[in-house]
Amino acid sequence: MTVYCLGCEVVRIKDLIRNAVWSAGAFGLVVGVSGGIDSAVVLALCAKSVGAENVIAVNMPVSTNNPKDTADAELVCKQYGVKMISSPLGKVLDEFKLVENFSDERILTGNTAARLRMAMLYNIAGAKHYLVCGTSNKTEYMIGYSTKWGDSAADIQPIVHLLKRDVYALAKELEISEEIIDKVPSAGFFEGQTDEEDIGVSYDDLDKALISLEENDWEAKTEIEKKVLAMVEKSRHKRVPAANLIKAD
């Protein structure tokens, strides 16, 4: 999907968020803010949808996070008048590493951090009868660059239909700070980590490949498209419900 009317898209997403909150009988929204562009855009949309006073932003650094990320999270929260609370999870993650049979492989530890963050968000949301608003975008969702039951878990996913390039366009429409728009995307799970290095393909090439694959009935035409298609197929289990034997009525 490429967004042509950015103002229309903002209205459409705001309607989605409001309807989700109202239909659930919830009082507001909880958003995990990392200092990155995805959470900044989602936070802005939430504040515009239900009012800044009904949104809680939660920053959950682990020991490997750059302190600049927290400063960037504070920046966008201040811009939209949203209260930010800090719930550092570094010590909790360190305790997990001491548990017998815990595997401290880099990717597995990163997944554990993502799941701890989501557990924290749901704890805060449950105490206030709020919903958890996710920050996943379509590019990462389609290739499986997310943690199952971690950042992919949420009550609402307002930008999961948007490619990364569309998120950048929406960020400019929402007047997100250039400092956040220009920063290199990173989950911050280890020092020097960047998303594009982890994935092995640039976001620009990912978006182009996904657009082409969708237009050509998921038939790969180039080597990059073959690589991206393999990612999509390998991560299919992340986008479908858990296998079960329940029969439909």
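Me: How many strands are in the open sheet, and what's their order?
Reply: In this predicted model, the open sheet has four strands, which follow the order β3-β2-β1-β4 with parallel pairing.

Me: OK, on to β2. How many bridges join it to β1?
Reply: Strand β1 (residues 29-32) and β2 run parallel and are joined by four bridges, and among the paired positions V30 has I56 as its bridge partner in β2.

Me: What about β3, how many bridges there?
Reply: Strand β3 (residues 83-86) pairs with β2 over four bridges, again in the parallel sense, with V58 standing opposite I85 of β3.

Me: Which helix makes a β-α-β unit with β1 and β2?
Reply: That is helix α2 (residues 37-50), which together with β1 and β2 makes a β-α-β unit that is right-handed.

Me: Back to β2 itself: how many of its residues are buried?
Reply: Five of the five residues in β2 (residues 55-59) are buried, so the strand counts as mostly covered, buried here meaning under 20% relative accessible area.

Me: Which ones point which way?
Reply: V55, A57 and N59 point one way from the strand, while I56 and V58 point the other way, and all of these are buried. In a regular strand, side chains alternate between the two faces of the sheet.

How values were computed
Residues numbered from 1 in each chain as written. Predicted model: local features only at pLDDT ≥ 70, side-chain atom pairs only at ≥ 80, totals over all residues. Heavy atoms only, no water. Buried < 20%, exposed > 50% of the residue type's maximum accessible area, 1.4 Å probe, protein only. Helix = DSSP H or I, 4+ residues; strand = E, 2+ residues; numbered from the N terminus. Pairing = 2+ DSSP bridges. Right-handed = clockwise from strand over helix to strand, strands pointing away.
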